Amino acid sequence: MTCAMAGDLIMKEESEEVLLLEAIESAVELILKEELDFNIMAFESLIDLVDPLKTLPDVALNACKTIVANDTKDKSASEIRGAIAALLRNGSLHDDEGDAIISDFNEILKNLALCLLSKTFANMLNKRCLETAIQDNSEWFLDTLIPSLVDAVKSAKDRPHDALYASDCLSNLLRASKDLLKRADEENALSALEEAKAFGSTHHKSLANATEKGITMLESYS
């Protein structure tokens, strides 16, 4: 490789890093706003950012790693994970008490958070880096994500699209980590997935299909 080519490569990597940093910071600014429509814009932008079909593949993968990484110095990543946890656990980002409109916004936000996780884990599993990310941030995956994802699957009859993304997440996470497989078993994920599949088989075919890998892995584990 010539010096010129090496220089171009370094500039390309630096520009991609700047692009990622700016995109993450912009999304966090929107997440921290009280207005729910700005919060929705934030998650929509993050979903595009982790999608290799909508941004540069290297940028998409690094965005995935940034979102799930256990980097205490990266406040932006911590804010994103905190927002995801709040939506999955509490159903809202803020202390909203509310009317039907606020409730609808929060349901959209929760679905977007699950979509973001689904795309993130799929990309990382495909690039064979999900297992390492789980090991580096095991507490978040074990104590926050797995219970919340199982709860989302249990809501299949009322929130089938949430259950679809949650089933996708579980399938990819269980393939990447035996520890998460054990944790999901402790949370009775198998029965949740089986009930979601039964509902999906007559009401939501994509949901039924999404549950199959997780069911197979949990049946083998049990």
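**Exercise 1. Salt bridges**

How many salt bridges does a search of the whole structure find?

Solution. The model is predicted, so local features need pLDDT of at least 70 and side-chain atom pairs count only at pLDDT 80 or more, while totals for chains, interfaces and linings use all residues. Residues are numbered from 1 along each chain as its sequence is written, and side-chain values use heavy atoms, with hydrogens and water left out.

Step 1. Apply the criterion: a side-chain nitrogen of Lys or Arg within 4 Å of a carboxyl oxygen of Asp or Glu. The search of the whole structure then returns six salt bridges.

Step 2. Take one of them, D48 with K54, where the N to O distance is 3.4 Å. For accessibility, buried means under 20% relative accessible area, exposed over 50%, and partly exposed in between (1.4 Å probe, protein chains only). D48 has a relative accessible area of 33% and is therefore partly exposed. K54 is exposed because its relative accessibility is 58%.

**Exercise 2. A salt-bridge network**

Solution. Step 1. E107 and R159 form a salt bridge whose closest N and O atoms are 3.1 Å apart. Helices are DSSP runs (H or I, at least four residues) and strands likewise (E, at least two), numbered from the N terminus. E107 belongs to helix 5 and R159 to the loop between helix 7 and helix 8 (160-176), so this bridge ties together parts 52 residues apart in sequence.

Step 1. R159 also meets D162 in a salt bridge, at 3.1 Å from N to O.

Step 2. Assign the accessibility classes. E107, at 33% relative accessibility, is partly exposed. R159 is also partly exposed, with a relative accessible area of 24%. D162 is buried, since its relative accessible area is 2%.

**Exercise 3. Aromatic rings**

Find the aromatic pairs in the whole structure and classify each one by its geometry.

Solution. Step 1. A pair of aromatic rings is described by the distance of the centres and the angle of the planes. Rings of Phe, Tyr and Trp (its six-membered ring) pair if their centres lie within 6.5 Å; planes under 30 degrees apart are stacked, over 60 edge-to-face, and the rest tilted. The search finds two aromatic pairs.

Step 1. F121 and F141 are 5.8 Å apart centre to centre with 45° between the planes, a tilted pair. F121 sits in helix 5 (residues 100-126) and F141 in helix 7 (residues 138-154), and the pair links distant parts of the chain, 20 residues apart. F121 is buried because its relative accessibility is 0%, and F141 is buried because its relative accessibility is 0%.

Step 2. W140 and F141 form an edge-to-face pair, with 5.3 Å between centres and 80° between planes. W140 has 9% relative accessibility and so counts as buried.

Step 3. These ring pairs link F121, W140 and F141 into a cluster.

**Exercise 4. Backbone and surface**

Which residues form a negative surface patch?

Solution. Step 1. A patch takes residues with over 30% relative accessible area and no salt bridge, joining like charges within 9 Å and nonpolar side chains (Val, Leu, Ile, Met, Phe, Trp, Tyr) within 5 Å. Asp and Glu count as negative, Lys and Arg as positive, and His and the chain ends are not counted. The place of a charge is NZ of Lys, CZ of Arg, CG of Asp or CD of Glu.

Step 1. The negative patch consists of E34, E35, D37 and D95. E34 lies in the loop between helix 1 (3-31) and helix 2 (36-49). E34 is exposed because its relative accessibility is 57%.

Solution. Step 1. Most residues other than glycine have a negative phi. R128 is not a glycine, yet its phi is positive, about 60°.

Step 1. R128 is placed in the loop between helix 5 and helix 6 (130-136). At 79% relative accessibility, R128 is exposed.

Step 2. N188, also not a glycine, has a positive phi of about 60°. N188 lies in the loop between helix 9 (178-186) and helix 10 (189-203).

Key. Areas by Shrake-Rupley, 256 points an atom, 1.4 Å probe, with all protein chains shown as cover.
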